[in-house]
Each structure stands twice: as structure tokens, then as C-alpha cells.
Amino acid sequence: MPHFLDRVRTVLRRSKRNSISVGSKESIWKRLPSDVFVAIAASCSIKDIGSLSLTNHLLHDRVAKLEFAIAWAYIQLRKQKGYHDHLWVYGSLSPGDDIHFISELFPPPPPKYSSGMDHDNAGYSLGYLGDLHRCWETCLRLSYHLADHVVEHHLETDPLARPLWASSKTEKEVVYTKAVASLQAKLLHPIAYAIFFLESSASHSDDSEDSDNHYHHHRSLSSSVQRQQSILQKAPFTDTQILLSTHHCMQLLFSTMQRLMSPEIPHATSESWVSLLLTTSTMERIVQFFVSIAKDDQRKQKCLHDSTWSHKKEFLLSMRRDLNEYMAHESYHGERPLEPKLNHIWFHAAQSEMGKRGAIPHTVEETEVHVLHGSVVKLECTYCYDAYDE
């Protein structure tokens with residue numbers, strides 16, 4: 001027994017010494033090489049990187065110190081994974097995490113150099129990654145809502161689709177889901193290009209607008225169109241196919257919103273409302289319009305519909321206030337205000353650029369989305385060959 005107790009005491013002393021020596025060592029997060037730490041952080045989601053940073057002071061300081069490198073590695077990792085992780089859905093890439101595409105469309109702002117700072121990845125930050133994710137989330141949501149309403153309207157009105165649509169509930173869901181997924185995949189990148197154009201156009205307007213004079217609709221409507229056209233003469237719109245696909249997307253967005261605004265907003269006046277959204281708001285505001293309709297549809301399914309109030313009516317009332325403020329702001333300078341028109345943003349400039357490139361008329365074969373046998377949704381405009389030929 002005494003020998004056994006001696007052995008226990010020896011083991012306990014050794015264990016105590018080991019625990020003291022381990023406790024005195026630096027944290028593994030501090031000893032981890034920077035390149036390994038960056039690789040681990042870059043493989044996490046933005047939310048997880050934020051949680052990691054909030055764990056303790058050590059991790060917060062290390063994430064802050066390596067923020068540029070983490071942001072750069074984050075995008076590069078998704079660039080490599082993008083070619084392998086996308087699943088093919090009905091002949092098109094499924095909507096996924098395409099942050100690399102958005103980062104190429106919206107590169108980081110020029111770096112603000114300071115002494116003692118590593119410049120290799122300057123301009124990349126976790127805030128920048130957050131902006132990219134918000135932009136891509138807007139593309140995903142808007143493309144889905146737009147595809148959803150377009151397919152539903154097509155199935156309700158197309159002569160070829162209506163007889164075939166009168167089938168079992170399961171078959172309806174399969175056809176509908178397939179068509180929405182295919183159309184959404186077609187719309188994703190054009191919506192991103194449209195966002196790029198609107199952001200660039202707003203930036204140009206802010207740079208050229210005199211702080212004491214805000215009557216650009218009266219003063220320089222023609223120069224505004226010229227500025228927009230100059231944007232379309234640069235990447236990514238130097239590719240005529242990108243210009244055409246974005247134009248078709250904008251045309252589809254306008255016609256769908258115009259239809260959905262009825263009957264609250266008459267068809268004849270809806271152009272000004274859509275133009276106001278495009279010129280004074282972001283695409284996120286347009287997403288809110290579709291979300292308001294989706295909420296109303298959910299209420300109808302639950303038999304909670306109120307004919308005197310709806311989310312859509314509330315959204316349109318908010319838009320009316322915005323339009324009144326816009327008109328009051330324009331009339332403040334003593335000139336008769338002009339209501340915003342659709343040609344003031346994108347359409348006039350795009351049509352002029354298409355004409356210069358000889359892209360009027362053009363075919364729409366590559367923009368067809370097959371829904372049912374012989375029934376297709378076409379991303380087209382009044383300048384497409386098919387519509388022009390009719």
C-alpha cells in the first residue's frame with residue numbers, strides 16, 4: 001500500500017508540473033503562423049470571422065492586424081471553389097456564393113496609404129466583404145422575385161402554357177420551380193450589371209453636380225445621358241452581349257413592376273414611379289417592393305387579406321411621399337419641375353449605344369427559358385429581332 005500511495009503522489013506531482021508548464025505557454029492562436037491563421041479565417045463565413053474577432057483581445061487584435069490579407073484570401077478561395085462547387089440546375093449554374101464575380105465588378109476603393117502599413121492587400125477589408133455579400137444578396141433576392149412573378153404571369157397568360165398548366169398539383173410545382181430556377185440563373189448577372197450601372201451613374205452625378213445648384217434634370221438632361229453612355233462604353237459593357245442582356249433585364253424589371261403596381265398606380269403614370277426608384281434609390285428598395293407583395297400573398301393564403309390596407313399600398317404611399325419630396329426639391333429652384341422619366345436613366349443611353357454598335361435589331365435565341373413543351377419565356381425588348389419582325 002505505501003508503494004502504491006507513493007506512485008499516486010508521483011503521478012499527481014508530475015501532472016501538476018505539466019499543467020503549470022502548459023499554462024505558462026503562449027496561446028495556440030498567438031503561436032499560429034500568420035499564413036495559417038489567414039487561411040483558417042478565410043475559410044470561415046463573414047459572420048464567423050466577426051465572432052472569432054469578438055472571442056478575446058488576442059484574436060481581435062490578430063484579425064485586425066491581418067484584415068487585408070484575410071479579405072484577399074477570402075475572395076481568392078471562393079474564386080477557386082466557384083468553378084467546382086456550383087451545381088448545374090436545368091442547364092444553368094445554380095445561384096450560389098459568387099463573391100468573386102461581384103468583387104471583380106466592384107473592386108475595392110483606392111488604398112489610403114499610411115506609414116508602416118503593408119500595402120500588398122490595401123483596400124481589402126472585412127467591411128468591403130460585407131458590402132459584397134449585401135450586393136450579392138440583393139442580386140439573389142431580386143432575381144428570384146422577378147423570376148417568380150414573370151413565370152407565374154407567363155403560365156397564366158401564355159396560350160401554350162395554360163392547357164398544359166391544368167394538371168396535377170405536383171406537376172405544377174415541378175414545372176414552376178424548374179422555370180423559376182432557370183430564369184433566375186439567367187437574371188443574376190444582368191441584375192449585378194444593372195446595379196453596377198446605377199451605382200456608377202449616381203457617382204458620376206454626385207461628382208459633377210454643383211453643391212449650390214441641384215437642377216440637373218433641367219440643366220443637363222442631355223449631359224446626364226452622355227455620362228450614362230460613357231459608362232456603357234467602358235467595361236463590362238464593352239461586351240455587347242452584356243449590354244443587351246442587361247437591357248433585356250431592365251426592360252423585364254420595368255414591365256413587371258408596372259404590371260404589379262396596378263391598380264393602385266395607373267399604367268400611364270407608373271413610368272415616373274419606376275424611374276424615381278431607379279434614380280433616387282438602390283435596387284434594395286425595389287426588392288422591398290417585391291417583398292411587400294410577397295407578404296400580401298402570404299396574408300391572402302392565411303385568409304387575412306384586408307381590402308383597405310396592404311403592404312404594397314403602404315410601400316406605394318411611401319413612394320408617393322418620396323415623389324412629392326423630389327418634386328418639391330426640384331421646384332425650390334424656381335423652375336417648373338419635371339417628373340422623372342424612364343428615359344432619364346439607362347434606357348435612352350442604352351438605346352443610343354446599341355444603335356451606335358449596330359445592335360438594333362438583335363436576336364433573342366440565347367435568352368429563351370423553356371417552361372413547358374413549346375412554351376418559353378423570352379428576355380427581350382422592342383429592339384429584339386423576333387419582336388421587331390412581328
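Buried means under 20% relative accessible area, exposed means over 50%, and partly exposed lies in between, using a 1.4 Å probe and protein chains only. Helices (H or I, at least four residues) and strands (E, at least two) are DSSP runs, numbered from the N terminus.

Before we start: this is a predicted model, where local features need pLDDT of at least 70, side-chain atom pairs count only at pLDDT 80 or more, and totals for chains, interfaces and linings use all residues. Residues are numbered from 1 along each chain as its sequence is written, and side-chain values use heavy atoms, with hydrogens and water left out.

**Exercise 1. Find the buried residues of helix α3 and work out how they are arranged around its axis.**

Step 1. Helix α3 covers residues 34–42, and its buried residues are F37, V38, A41 and A42.

Step 2. Look down the axis of α3, taking the directions from the helix axis to the C-beta atoms. The buried residues fall within an arc of 125 degrees, so they line one face of the helix.

**Exercise 2. Describe the largest cavity: its volume, its lining and the helices that supply the lining.**

Step 1. Set up the terms. On a 1 Å grid over the protein atoms alone, a cavity is a set of points where a 1.4 Å probe fits but cannot get out, and lining residues have an atom within 4 Å of a point. Grid points are joined across faces, edges and corners, and a volume is the space filled by probe spheres set on the points.

Step 2. The structure has 1 cavity of 30 Å³ or more, and the largest cavity has a volume of about 40 Å³.

Step 3. Its lining consists of M250, L253, F254, M257, V274, L278, I286, L342 and F347.

Step 4. At least two lining residues come from each of α13 (240–261) and α14 (270–280). Helix α13 gives the largest share, 4 residues.

Step 5. Sort the lining by residue class, with Ala, Val, Leu, Ile, Met, Phe, Trp, Tyr, Cys and Pro as nonpolar, Asp, Glu, Lys and Arg as charged, and the others, Gly among them, as polar. The lining then divides into 9 nonpolar, no polar and no charged residues.

**Exercise 3. How many salt bridges are there, and where do D131 and R134, K312 and E264, and R357 and E353 sit?**

Step 1. Apply the rule: a salt bridge is a side-chain nitrogen of Lys or Arg within 4 Å of a carboxyl oxygen of Asp or Glu. The count comes to 4 salt bridges.

Step 2. D131 and R134 form one of them, at 2.2 Å from N to O. They are 3 residues apart in helix α8 (residues 126–157), and are separated by about one helical turn. D131 is partly exposed at 43% relative accessibility, and R134 is partly exposed at 47%.

Step 3. K312 pairs with E264, with the closest N and O atoms 3.0 Å apart. This pair links distant parts of the chain, 48 residues apart: K312 is in helix α16 (residues 311–331), and E264 is in the loop between α13 and α14. K312 counts as buried at 11% relative accessibility, while E264 is partly exposed at 30%.

Step 4. R357 and E353 also meet in a salt bridge, at 2.9 Å from N to O. R357 is partly exposed at 26%, whereas E353 is buried at 5%.

Step 5. Stay with E353, which lies in helix α17 (residues 347–356). Its side chain is also joined to that of Q233 by a polar contact of 3.3 Å. That term covers a pair of N or O atoms within 3.5 Å; within protein, one must be able to donate a hydrogen and the other to accept it, and residues adjacent in sequence count only if both atoms are side-chain atoms.

Definitions and conventions. 1 Å grid on protein atoms, 1.4 Å probe; cavity = no way out; pocket = protein on both sides within 12 Å on 5 of 7 lines; lining within 4 Å.
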